[in-house]
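Please read it with the structure open.

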Amino acid sequence: MLKRITAVILISILLLTTLAGCRPTLDDGLTIRVGHVLAPDHPYSEGLKKFSELVYEKTDGKVFVDYFHSSQLGNERDMIEGLQLGTLEMALVSTAPLSSFTKEFLVFDLPFIFKDAENARNVLDGPIGDELFDVLDSQYIKGLAYWENGFRSVTNNRGPIETPEDMKGLKVRTMENPVHMASFNALGASPSPMAFGELFTALQQKTIDGQENPLPIVDTSKFYEVQDYLSLTEHFYAPAPLLISQKFYDSLTPEVQQALQEAAEEARDYERSLIDEMNAKLITELEEYGMEINFPDKQPFIDAVQPVYEQFSDIITPELIQRVIEAQE
C-alpha cells in the first residue's frame, strides 16, 4: 500500500511539473517567437534585435524575444495563419499577403498612392493606420506598429525599364496580391506570384525575367548576382506590420502588453532609420556590384496604372483612397 501511495504522489508531481513546463509564467521567464522571411542582415532582423532588447529591458528580464529570419517559421501567409491559430506569437510581414485576410489593407498596395516615405509613415502612424489595425480584430490578430520595407522597384535581365512599353511581356515575380498583379498586367508585364523563399532560385534558373523589391532586399538577398538591370520605378510602398496573436496577447499582463507596444514603436523608428541609411548608399554599392541603374520618368507609369484604381473600387472604397491621398502633404 505504501508503495502505491508513493507511486501516485510521484506521478502527480511529474504531471504538475510537466504542465508547468508547458505553460511558462512570467516568474519562470517567457519567450516570444517572431519570424520574418528576409535575410539575416536585412533591417528587419536588426529592428527585431532592438525590439528584443527593449522588451527585455522594459520587463526587467522577464520576457525574451527570439527572432527568426529567412522563412524559418514559414512564409508570410503561413505565419499569419499561425497568429490566427495561436501557434505562433508574433510575425513581421508585408501588408500585401494580409489582403487575403482583410481586403482593407489593399489600399496601401495601390501603385503610386504614396508620394514619399515621410508621407507614407505619417498616414500609417495616424488614424488611418490605426483603423486598419482595428480591422484585424476579426482575424484574431493585433497590430503593434507599422515597420517598413520601403519603395519597390524593378530588376530584370532584359534591359533598362524606361517606359511602360519596356515592361511588355516581361515575366516578373510579384507577391501573391491582386493589386500587385493587376498593376503589372496594366503595365504590360506578365506577373508571376511566388513565395519569397523561391525567388532567388527562379531568377538564377531564368524561369522568370525579373522581380520587384525595395533596395535593401535587392542588396541583402544578393539579387545583383542574378539580375543585371535595376530601374527605380518605386511603384509600390511596402509597409511591414509587426503583428501579434490576439489569443497570446490577451494572455499577457497589462504591464507586458504595454512593454510590447512601447518597444514595437521605438524599434519601428530604429528600423526605419536603417532603411533610410541603406537607401542613401545602395545606389552606389549596387552599381559597384555590376548592376546598371536607371531613373525612369514615373508619370507614364502612373498614367498606365490608373485603371487599377477603378478595377478595385468595389473592394477598396474610393472614400478610403481619398482619405489616404488627402492625409499627405
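1. Leu92 stands opposite Leu242 in β8. The pairing of β3 with β8 is antiparallel and covers 3 bridges. Note that this is a predicted model.

2. β8 also pairs with strand β4 (residues 141–156), in the antiparallel sense and over 13 bridges. Within that pairing, Ile244 of β8 is the bridge partner of Lys142.

3. With strand β9 (residues 292–294), β8 pairs in the parallel sense, over 3 bridges. Here Tyr229 stands opposite Glu292. Strand β8 spans residues 229–245 and is mostly covered, with 16 of its 17 residues buried.

4. Ser94 lies in the loop between β3 (90–92) and α4 (117–124). Its relative accessibility is 6%, under the 20% cut-off, so Ser94 counts as buried. Leaving aside residues up to four places away in sequence, Ser94 touches Tyr44, Glu76, Asn149, Met175, Pro239 and Pro241.

5. Helix α2 (residues 43–58) and helix α10 (residues 254–288) have axes that come within 8 Å and cross at roughly 150 degrees. Angles over 145 degrees count as roughly antiparallel, so α2 is roughly antiparallel to α10. The crossing of α2 past α10 is right-handed.

6. On the α2 side, the residues that meet α10 include Tyr44, Phe51, Leu54 and Val55. Those on the α10 side include Ala263, Ala267, Tyr270, Leu274 and Met278. By class, the contact of α2 with α10 has 14 nonpolar, 1 polar and 6 charged residues.

Conventions. Residues are numbered from 1 along each chain as its sequence is written. This is a predicted model: local features need pLDDT of at least 70, side-chain atom pairs count only at pLDDT 80 or more; totals for chains, interfaces and linings use all residues. Side-chain values use heavy atoms; hydrogens and water are left out. Axes are lines fitted to C-alpha atoms, for helices over the stretch in contact, and angles run from 0 to 180 degrees between N-to-C directions. Helices (H or I, at least four residues) and strands (E, at least two) are DSSP runs, numbered from the N terminus. Angles under 35 degrees count as roughly parallel, over 145 as roughly antiparallel, 65 to 115 as roughly perpendicular and the rest as oblique. A crossing is left-handed if the near helix is turned anticlockwise from the far one by less than a right angle, and right-handed if clockwise. Contact means heavy atoms within 4.5 Å. Ala, Val, Leu, Ile, Met, Phe, Trp, Tyr, Cys and Pro count as nonpolar, Asp, Glu, Lys and Arg as charged, and the others, Gly among them, as polar. Buried means under 20% relative accessible area, exposed over 50%, partly exposed in between (1.4 Å probe, protein chains only). Two strands pair if DSSP finds at least two bridges between them.
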